Amino acid sequence: MPVDYDYFDFDGRNYVRMIGRDGDGKKVCVVDSYDANFYVILKRDADVDKVVKKIKGVEIRQASRVTKVLRTEVLNKKFLGKAVRAIRVFVTNHKDAHDVASAIGDLDGVDKRREYDIPLVTKYIKEKGVEPLGWYTVRGQRTEDRGQAIEGIDCYLADEIEPLKIKKEFVPRILAYDIETDDREIGKGEILCISVFGMSGCRGVGRRGKCGVVGSGEFKKVLTWKKCKGAPEYVEFCKDEADMIEKFIEHVNDYDADILTGYFSDGFDLPYLKAAADKNGVEFGLGVDGRGPSFTRGRIPSGKIAGIVHIDLYRFIDAVFSQYLQSETLSLNEVAKELVGEIKEDFDFSRLSDMRDLDWRDFFSYNLQDSVVTYKLMGKVWPDILEFSRIVKEPVFDVTRDRMATHVENYILHNLDRFGEIAEKRPVYNEMNERKAKGKFEGAFVFEPKPGLYENLVMFDFTSMHASIIVSFNVSKLSFSEKGGKDFYESPKFDLDGEKRKIYFEKKIGFFATLLSEIVEKRKKYKGEYNKNKNAMTKARSNAYKLLANASFGYQGFFGARYYSREAAAATLAFVRKYTHDTIDIIKKAGYTIVYSDTDSIAFLIGGKTKGDILKLLKKINKGLPGIMELDLEDFYRRGLFVLKRGGVGGAKKKYALVDNKGKIKIRGFETVRRDWCRLTRNLQSEILTKILENGNEKAALKLLKKVVEDLRKRKVGLDELMIRTQLRRPIGEYVSEGPHVVAAKKMEAQGVPVSTGMLIEYFIGEGSGKRIGDRVCLAGDKVSYDIDYYLKNQILPAVENIFEVFGVDVKSVVEGSEQKRLF
DNA sequence: GGAGTTCGCATACC
DNA sequence: ACAGGTATGCGAACTCC
């Protein structure tokens with residue numbers, strides 16, 4: 001079962017190296033040859049023989065190797081759904097495919113060159129079908145050195161690899177790690193301790209002896225070069241930092257892990273360790289080949305370790321998992337609390353300046369906890385990683401780092417051969433800029449609600465609306481046409497770059513819509529399976545297909561996509577608007593009052609009608625919907641509150657509160673759900689909304705408001721209730737406008753607190769003079785009392801004013817009233 | 001120097 | 001750079017007199 005993939009050159013040729021487990025749970029390595037290739041798409045009138053002859057003569061001389069064309073195949077293929085004549089060109093080395101392709105671009109008869117820009121491992125998996133985390137029978141020979149010595153692991157050079165139909169589940173052997181340092185900046189400070197945590201005995205064949213890996217129970221260690229009396233037995237004292245790093249390498253390599261995991265370890269722990277190793281002159285020999293991690297370039301470097309999949313859980317959670325989380329930040333603490341229910345012990349880092357034995361013991365325990373929590377988090381998220389890896393057919397290493405657009409694209413790439421399709425190329429830098437420069441196109445429709453407290457509502461919503469439209473009308477780059485006809489679907493008339501017009505899509509379904517329809521089908525099927533048999537694996541599978549379906553619309557509008565189509569994306573939205581509007585009209589005509597609608601949902605009053613009437617209406621609407629489009633009953637609601645926009649005229653969109661018939665409250669858009677408002681405001685507003693929805697009037701809510709205002713005036717409110725949290729989304733110097741959080745960040749820096757992009761900056765507004773609010777920004781430790789006036793006028797009032805306005809109650813005097821009196 | 005307006009920015013909804 | 005557009009609303013920074 002291949003888990004990790006990479007490749008190497010030997011005698012100028014490409015080999016793929018897969019490291020995984022054999023049927024006995026032993027770590028093995030399989031090397032397979034790979035014949036690099038790409039496609040040349042010919043013009044219709046091309047002289048095939050002549051082109052082939054010319055291609056065969058191409059030779060690229062590099063410093064270290066000479067790349068030649070090995071052989072060619074002339075084939076009937078498809079490109080963007082259309083039949084083409086193509087030459088498949090096999091070259092000696094994948095790295096030179098691009099150069100060979102460039103060299104033949106000008107030949108007569110050559111239309112396009114494609115697939116030279118697909119990563120080698122992706123090409124290999126696509127062409128040879130040796131997919132991640134599947135079982136295979138390998139026939140081959142034990143290898144001697146192929147330029148890639150791996151100590152202690154059997155290595156085979158494959159002659160033949162065949163898929164096996166067995167359902168033996170793979171339970172990876174996981175080791176979690178975490179480091180603590182005395183300086184956040186990589187390479188600057190010292191690593192004080194390193195913790196590792198795993199469970200032994202669950203599987204795998206570790207090398208016995210050294211650190212008692214094999215057996216049962218926990219494997220936990222905190223390595224440190226600091227001294228401390230009375231430390232628990234898991235603390236292993238080292239001579240110095242260098243010795244500690246060497247011991248860490250030894251532990252990791254001996255543990256025989258499939259996965260080494262950390263939290264933000266791509267961006268912190270691993271590069272920090274590497275830098276510390278370099279500084280200390282320690283060979284950072286992590287991994288089965290002893291070469292240590294390699295870092296690929298990118299926004300965040302990705303640390304790859306041979307034979308052990310290094311997973312930075314933060315990145316996977318950030319890219320694909322976070323949209324299902326309630327957590328307001330993706331800190332290990334918060335995410336673990338939500339997913340694992342674990343409350344991590346905290347450590348006050350200001351203690352670091354003066355550490356006694358007790359402090360060190362707390363510190364080591366804190367360090368170990370981070371590894372324990374990361375380990376547990378991995379257990380929770382692993383089913384999703386596994387499913388994504390199998391569905392998208394990309395290695396675990398990549399799947400845990402790719403964003404959704406890449407997942408969608410990889411799913412497409414790995415399924416193209418079923419359609420005989422040659423893959424489209426990736427846009428080059430210029431093309432991406434051109435795409436971005438075209439600007440936005442019109443999006444979905446949002447209904448302006450009339451402010452009020454409504455009774456008895458129902459909400460309909462379209463299931464996977466964008467995906468179902470793409471499938472139903474075959475909306476994609478390959479089916480797009482400027483002109484219509486009986487073989488074409490017609491888009492609604494819409495504004496496309498300043499011109500009102502219709503565009504068309506072939507009725508004959510292409511691979512894009514076919515693949516998406518399969519994704520939607522599978523999502524339905526696995527959702528059903530999950531409902532019958534609820535477990536982490538069925539849930540993860542159903543979830544992965546849901547995510548792919550939801551991201552596929554965004555993919556077509558994403559400037560970096562191979563199958564980008566501005567027309568397809570814009571038309572999808574035109575269809576979205578049309579069907580939402582049409583449905584609203586039908587509901588209105590049936591005698592109902594529409595209260596709200598956003599994109600794919602419609603809320604309306606039940607009025608005097610029954611539940612049966614509503615269901616009948618839903619059925620009728622569904623009968624009229626085309627293709628796989630489907631309208632669903634979202635829920636019935638006892639009450640719903642909509643408010644006025646602040647200051648301006650009209651009802652506020654994307655802001656409402658509902659209570660269903662079981663008393664469950666749903667709050668959208670209000671300050672309650674925004675993390676950049678202080679807790680006092682958020683809690684107060686949430687309670688006010690709850691009381692109003694439960695009672696149907698504002699009386700109790702008003703009483704509560706008065707009480708909180710009084711408490712605030714009397715300074716009875718704790719500072720932690722008043723802290724405002726705002727994310728620093730760019731380096732301090734890049735801000736044009738210096739908002740309060742930027743002022744706070746600068747203050748932190750001045751106090752020696754490290755500040756970095758992405759951090760949540762916490763501050764409160766204190767008393768003082770100064771024109772700007774920013775001039776009164778205070779940090780948690782500041783000995784300044786909070787500014788009552790600010791919290792009344794800028795926090796509480798704006799959050800409650802428009803709610804009470806619905807009942808004709810002006811709370812301005814309640815909130816500001818006695819302040820005025822005092823002035824007089 | 002104050003009032004009014006625009007713009008930058010963060011964060012939400014779907 | 002790493003799915004899209006729509007929307008609210010604060011506070012700073014501008015314009016204008």
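**View 1. The protein surface around DNA strand B.** In this predicted model, 19 residues surround DNA strand B, and the closest are D600, K654, Y656, R730 and Y735; a residue is near the strand if one of its heavy atoms lies within 4 Å of it. Of the atoms of DNA strand B that come within 4 Å of the protein, sugar and phosphate make up 88%. By residue class, this surface splits into four nonpolar, six polar and nine charged. Here Ala, Val, Leu, Ile, Met, Phe, Trp, Tyr, Cys and Pro count as nonpolar, Asp, Glu, Lys and Arg as charged, and the others, Gly among them, as polar.

**View 2. Polar atoms next to the phosphates of DNA strand B.** A backbone N or O atom of G669 sits 3.0 Å from a phosphate oxygen. R730 places a polar side-chain atom 3.0 Å from a phosphate oxygen, and for H741 the distance from such a side-chain atom to a phosphate oxygen is 3.2 Å. Strand 28 and strand 30 (724–727) are the elements that give two or more residues to the surface near DNA strand B. Strands (E, at least two residues) and helices (H or I, at least four) are DSSP runs, numbered from the N terminus.

View 3. Strand 19 (residues 452–462) and strand 26 (residues 601–605) are joined by five bridges in the antiparallel sense, and L457 stands opposite L605 of strand 26.

View 4. K655 belongs to strand 28 (residues 651–660). K655 counts as buried because its relative accessibility is 17%, the limit for buried being under 20% (1.4 Å probe, protein chains only). Beyond neighbours within four places in sequence, K655 contacts F642, R668, G669, F670, E671 and N802, contact meaning heavy atoms within 4.5 Å.

**Notes.** Residues are numbered from 1 along each chain as its sequence is written, while chains are lettered from A and ligands numbered from 1 in the order in which they are written. Local features need pLDDT of at least 70, side-chain atom pairs count only at pLDDT 80 or more, and totals for chains, interfaces and linings use all residues; side-chain values use heavy atoms, with hydrogens and water left out.

Conventions. Buried means under 20% relative accessible area, exposed over 50%, partly exposed in between (1.4 Å probe, protein chains only). Two strands pair if DSSP finds at least two bridges between them. A polar contact is a pair of N or O atoms within 3.5 Å; within protein, one must be able to donate a hydrogen and the other to accept it, and residues adjacent in sequence count only if both atoms are side-chain atoms.
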